[in-house]
Amino acid sequence: MAYSARMQKSHLYSIFFAPRGNERMVDLGMQIAQQYLSPFDKIIGLIGVSGSGKSMIIKGMFPGLELTNDDEGVNIRPLPLLTVEDTGFYTAHTYHVDIRFESAFLQLHELADAILYAVGKGKRVIVEHFDLIYEQLGRNAHLLIGIGEEVIVTRPTLFGPKPQEVSDIVFKSVTTRLMVHTAEDICEYCLIEQGVKPYQYRHADVRSGFILSFSVKPDIDLEKLEKQINELINEDVAVSYFDENHILIGDEKHVCTGPRMHMRSTGEVEKVTLLKELLQEPITDLFLLIGVVGEIEDLNDLHNIYLS
């Protein structure tokens, strides 16, 4: 912790747009690790609702780490954190625990004791749903990451922020992120009818919205596209997980790189507005299709484009 304090004593917090695809979440995790993670950090806390991308951030920050709540349904038992041994040549250095998942099998005080014991042995513990264990743990994380519409990275001090403060922010904003991701997939779904295929564009993010970027200017009727999107929203069609690369929009399969991150139906998405022209980015020469949930009142509100 002393090393971290010296190297990052002026760091209050950093904010990133929360990408909506798994690969982009992993890339962001790698960036966070490179910029903010200290080798002396022992407790890394993550806060966010299920499906917000916590596991993807962890996989980016700690490549090769086995997660004990594997999404494929292969859950590690017994929980390795409960069997931490003294430091030795063959013992693990980093452990993972999902507090919400493990609380179905163990008391919170048991999990808190296991975390503190591991830290006392010089181990690092990655804690998902850190806000649920904070009171029992009696101490804050060395590095705290909250995931909602944006990703908040902070190094708490004696004066905060406390996990509840971070969770209040990200839990409130994650609904917008889910709506935007659903809107983005609806837009892609409707683009197919205009002859535009997924391999023709890349994804990017803006505040409360999305960007599809094209290297060659596509022939798209933006007025018609916006009307199709909002008609599908009004039809209140079910949106559901199919597999790790697809969702179902109604009964039709659609390619998606973040299939767990959606509203339950199109009707839960607010009105979508498209900018009625394709902007050309002057540095890359990419043509940008921009959409937001709500209204586009000022282009300056859509700053900080994050390209994948």
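Let's begin with E9 and strand E10 (residues 246-249), which pair in the antiparallel sense over four bridges. Strands here are DSSP runs of E with at least two residues, helices are runs of H or I with at least four, and both are numbered from the N terminus. Two strands are said to pair if DSSP finds at least two bridges between them. The model is a predicted one, in which local features need pLDDT of at least 70 and side-chain atom pairs count only at pLDDT 80 or more, while totals for chains, interfaces and linings use all residues. Residues are numbered from 1 along each chain as its sequence is written, and side-chain values use heavy atoms, with hydrogens and water left out.

E9 and E10 belong to an open, antiparallel sheet of three strands, in the order E9-E10-E11. At its edges are strand E9 (239-243) and strand E11 (252-255), each pairing on one side only. On average, neighbouring strands in this sheet are turned by 35° against each other, direction ignored. Such angles run from 0 to 180 degrees between N-to-C directions, with axes fitted to C-alpha atoms, for helices over the stretch in contact. Look for tyrosine 241, which stands opposite isoleucine 247 in E10. Helix H7 (residues 163-191) packs on this sheet and touches E9, E10 and E11, its direction making about 105° with that of E11.

Stay with H7 for a moment, where you will find histidine 181. Is histidine 181 buried or exposed? Histidine 181 counts as buried because its relative accessibility is 3%; buried means under 20% relative accessible area, exposed over 50%, and partly exposed in between, using a 1.4 Å probe and protein chains only. Leaving aside neighbours within four places in sequence, histidine 181 is in contact with Arg20, Cys256, Gly258, Met261 and His262, where contact means heavy atoms within 4.5 Å.

E3 and E4 pair in the parallel sense over five bridges, and tyrosine 95 has valine 125 in E4 as its bridge partner.

Finally, visit some loops. Between strand E4 (124-128) and helix H6 (134-137) sits histidine 129, with a positive phi of about 60° although it is not a glycine. Histidine 129 counts as buried because its relative accessibility is 3%. Serine 208, in the loop between strand E7 (201-206) and strand E8 (209-214), also has a positive phi, near 60°. Serine 208 is partly exposed, with a relative accessible area of 24%. In the loop between strand E6 (150-154) and H7 lies proline 161, joined to glycine 160 by a cis peptide bond with omega about 5°.
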